[in-house]
Amino acid sequence: MLLQWTVMACLNRLGFLKTFQGLKHAHGFISNGQSLAFGVSCFALTPCFTFLKGVFHKAAKTNLTLNYRCFCTMTADRPCWNCGSSTELFFCSSCKVIQPPHNNINYFQLLNCEEKFSLDTQNLQKRYVELQRYLHPDNFGQKSLKEQEYSETQSGLVNKAYRTLQKPLSRAIYMLELRGVLLEEGTDACADPAILLEVMEVNENLAETQNQDEVDAIGQSVRDKLKDLAEQMTSSLNKGDLLTAKALLVQMKYLSNIEEKVKKRITESW
Ligand SMILES: [Zn+2]
């Protein structure tokens, strides 16, 4: 009975009972040292857990997570440059010294958020602020040159990851890049002519009008369209329909461009 409960608890912890598919994206499924220790103690109970351990190990290699309060995270597959102990994503689990950036993790993993287009940007911002509180070079002024250098690179990387994931357009470009789809320069060639024409008209209307209400109306219309595109993008990426996702991305790019122009016009009118 105890064994059964333990297996169930382990599976539940790993999110298996919620969704098997979730394994691929479950960056946050073990969020602290306690659950990791719990998981590891479960594995030690019986050889029957070999399968689970294998799956866990695979997930651990690709899904490095971080507890921002104490940095008790899953271990990364590299030793600490300072003491040789196992390391977490940013710091050594033993001597607590900052580590160089990890080469094999993406921005979602770096910021410990689920890899999906419709991510919670408020949560993203919260994680970004928490991370920078620990990684910012200002904290390393009294440390060795090596630690200062690692703090700069880690902090810079977290900045870049945050900036990329924060906005829907750059997030979509990045997600497609992760899937091997690049948005070439001069995307006009692959855009739908009807959409190009529509974009041209909106651009002309915006350039010609001096009426603030009309500018606001154009802005609202563009935001509505971008919202609709974001929903379609989520659906396409979930389905793995990269061709559609790329076409949507082109539209997002044009509309985001108009949205920026509208914002500029509104700022200028103040
Ligand atoms: Zn160390």
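The following legends describe close-up views of a predicted model. Residues are numbered from 1 along each chain as its sequence is written. In this predicted model, local features need pLDDT of at least 70 and side-chain atom pairs count only at pLDDT 80 or more, while totals for chains, interfaces and linings use all residues.

**View A. Packing of helix H8 against helix H11.** Helix H8 (residues 168-178) packs with helix H11 (residues 242-269) at an angle of about 155°, their axes being 10 Å apart. H8 is therefore roughly antiparallel to H11 (angles over 145 degrees count as such). Helices are DSSP runs of H or I with at least four residues, strands are E runs of at least two, and both are numbered from the N terminus. Axes are lines fitted to C-alpha atoms, for helices over the stretch in contact, and angles run from 0 to 180 degrees between N-to-C directions.

**View B. Residues at the H8 and H11 contact.** From H8, Pro168, Leu169, Ala172, Ile173 and Leu176 meet residues of H11 that include Leu242, Leu249 and Met252; contact requires C-beta atoms, placed from the backbone, to lie within 7 Å. The contact comprises nine nonpolar, one polar and two charged residues.

**View C. Lys96, a non-glycine residue with positive phi.** Phi of Lys96 is about 65°. Lys96 lies in the loop between strand S2 (86-87) and helix H5 (107-110). Lys96 counts as partly exposed because it has 13 C-beta neighbours inside 10 Å (buried means 20 or more, exposed 12 or fewer, partly exposed in between).

**View D. Asn112, in the loop between H5 and helix H6 (121-135)**. Asn112 is not a glycine, yet its phi is positive, near 55°. Asn112 counts as buried, with 22 C-beta neighbours inside 10 Å.

Methods: Parallel < 35°, antiparallel > 145°, perpendicular 65-115°, else oblique. Contact = placed C-beta atoms within 7 Å. Nonpolar A, V, L, I, M, F, W, Y, C, P; charged D, E, K, R; others polar.
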